[in-house]
Amino acid sequence: MKLIDRLNERRALIGILGLGYVGLPLMLRFSEVGYRVLGLDIDHEKVEKLNAGRSYIEHISAQSIADAREQGFEATIDFSRARDCDALILCVPTPLNKYREPDLSYVIGTTETIVPHLRAGQVVSLESTTWPGTTDEELRPRIESSGLRVGEDLFLVFSPEREDPGNPNFNTRTIPKVLGGVTPACTELGQALYGQVIDQLVTLSSTRAAEMTKLLENIHRAVNIGLVNELKVVCDRMGIDIHEVIRAAATKPFGFTPYYPGPGLGGHCIPIDPFYLTWKAREYGLNTRFIELAGEVNTNMPKWVVSKVADALNERGKAVKGARILVLGIAYKKNVDDRRESPSMELMELLEEKGAEISYSDPHVPRFLPMRKHDFDLESVPLTPETLAATDCVLLATDHDRFDYELIKAHAPLIVDTRGRYHEPAEHIVRA
Ligand SMILES: NC(=O)c1ccc[n+]([C@@H]2O[C@H](COP(=O)([O-])OP(=O)(O)OC[C@H]3O[C@@H](n4cnc5c(N)ncnc54)[C@H](O)[C@@H]3O)[C@@H](O)[C@H]2O)c1
């Protein structure tokens, strides 16, 4: 049976490489509509958990993994099994290195691992966010080094992920999916691959255009968040509540989209992806000034918040040194358990450097598991009248819905609110 028919008839074996925040929901979606899925990951622990029907992501239930297992899903660390797959979808990380340059080592490493196991009649899709040209300049030559010709023997597309973890209004099926193939035949196979699982495909003329689309989406957010963060500082100096202003501006029924300031940029995408373009643009002798400027404003936010904490304590005759500061929310955004690039980490470190006694509370992160760049030997503190009253300052960094805001307001002696959660001014609430 031809590849296109296997895809259209849901008889294809779908290989997903990288079973994280992107790969796992995608696996569930393919599984849900009847495809068999093989998950490939280098992390033994994840593979074991999945095969035992367990989940390691809060918003993905163990039941959904168990259901996928019944449907034929299996996870493995054996990459030679890529050969059995009709489709291979790469969902591996694309971070920045310590010089804030793209680190494509995961994408390239995965590609080189599977190249010996590729065969004619497969479609390969890259979903990781990356600079325009990656699929064509990095993946294509490596794949063709096997002797297979892209567009004839094997089909290659770029189709970025648009997952918004924790957003109950959209899911993998209902989020339109952008897709660009290396050749028209590649695009056709890409459409067959995703056509059964996604309601709306948005097909572009090239992989480069698809890569750039994903970057535009994230740059758009980074720049607009930078703008409101800058305006927050201006409003603060002028004695104006930026959140009140944004709420009012958002009543304009056209031509305005609200973005919200915060303690800094977090997550695996918005603080990182724009710099993939910055790096690539240099090859063309161009500077991406909006991206750099937004990066500068957003990067300075944690320091600005810490200065507001210091001022607020100072006004109450206290120093940061020795102050008991309880950070509320260490995930990078509300209602999720993802701490990657969370500004809360930097807030905690900056405050600790100044001698504060740091604790945290986050219903989504019961224990502080060590991260690549951060480590604290802490467990989430339960919010009670006693634990709140025992602090000098509560720093609201991530406004999870599960926090009891009335309780916090009633018992914390000082609240520094970086999210505009408290609308009504109060003597002990400081906006930052
Ligand atoms: N998290 C999101 O909301 C989101 C949204 C859109 C796009 N993206 C992009 O999707 C990509 C993946 O992000 P993520 O959040 O799923 O990352 P993640 O860290 O949650 O998952 C990546 C997975 O890949 C595995 N892995 C690492 N190296 C591997 C290799 N060589 N072979 C196979 N597996 C390997 C890891 O063990 C991990 O399970 C990134 O490019 C990211 O920018 C993420």
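In which helix is the place of Asn8? Asn8 lies in helix α1, which covers residues 3-8, where helices (H or I, at least four residues) and strands (E, at least two) are DSSP runs numbered from the N terminus.

## Basis of the model

This is a predicted model, in which local features need pLDDT of at least 70 and side-chain atom pairs count only at pLDDT 80 or more, while totals for chains, interfaces and linings use all residues. Residues are numbered from 1 along each chain as its sequence is written, and side-chain values use heavy atoms, with hydrogens and water left out.

## The chain as a whole

The protein chain has 14 helices and 13 strands, and its C-alpha atoms fill a box of roughly 75 × 50 × 40 Å along the principal axes.

Buried residues make up 52% of the 432 residues, with buried meaning under 20% relative accessible area, exposed over 50%, and partly exposed in between (1.4 Å probe, protein chains only). Of the contacts (heavy atoms within 4.5 Å) with a separation of 6 or more, 68% join residues 24 or more positions apart.

Asn8 counts as partly exposed because its relative accessibility is 37%. Leaving aside neighbours within four places in sequence, Asn8 is in contact with Ala192 and Gln196; the C-alpha atoms of Asn8 and Gln196 are separated by 6.9 Å, although the two are 188 residues apart along the chain.

Ala192 is among the buried residues of helix α7, together with Cys186, Thr187, Leu189, Gly190, Leu193 and Tyr194. Helix α7 runs through residues 184-195 and has 12 residues, reaching 16 Å from its first C-alpha to its last, close to the 16 Å expected at 1.5 Å a residue, the expected span being 1.5 Å times one less than the number of residues.

## Val202 in strand β8

Val202 is placed in strand β8, residues 201-204, and counts as partly exposed because its relative accessibility is 31%. Not counting residues up to four places away in sequence, Val202 touches Pro176, Lys177, Val178 and Leu179. Val202 and Glu346, in turn, are 144 residues apart in sequence and 38 Å apart in space, C-alpha to C-alpha.
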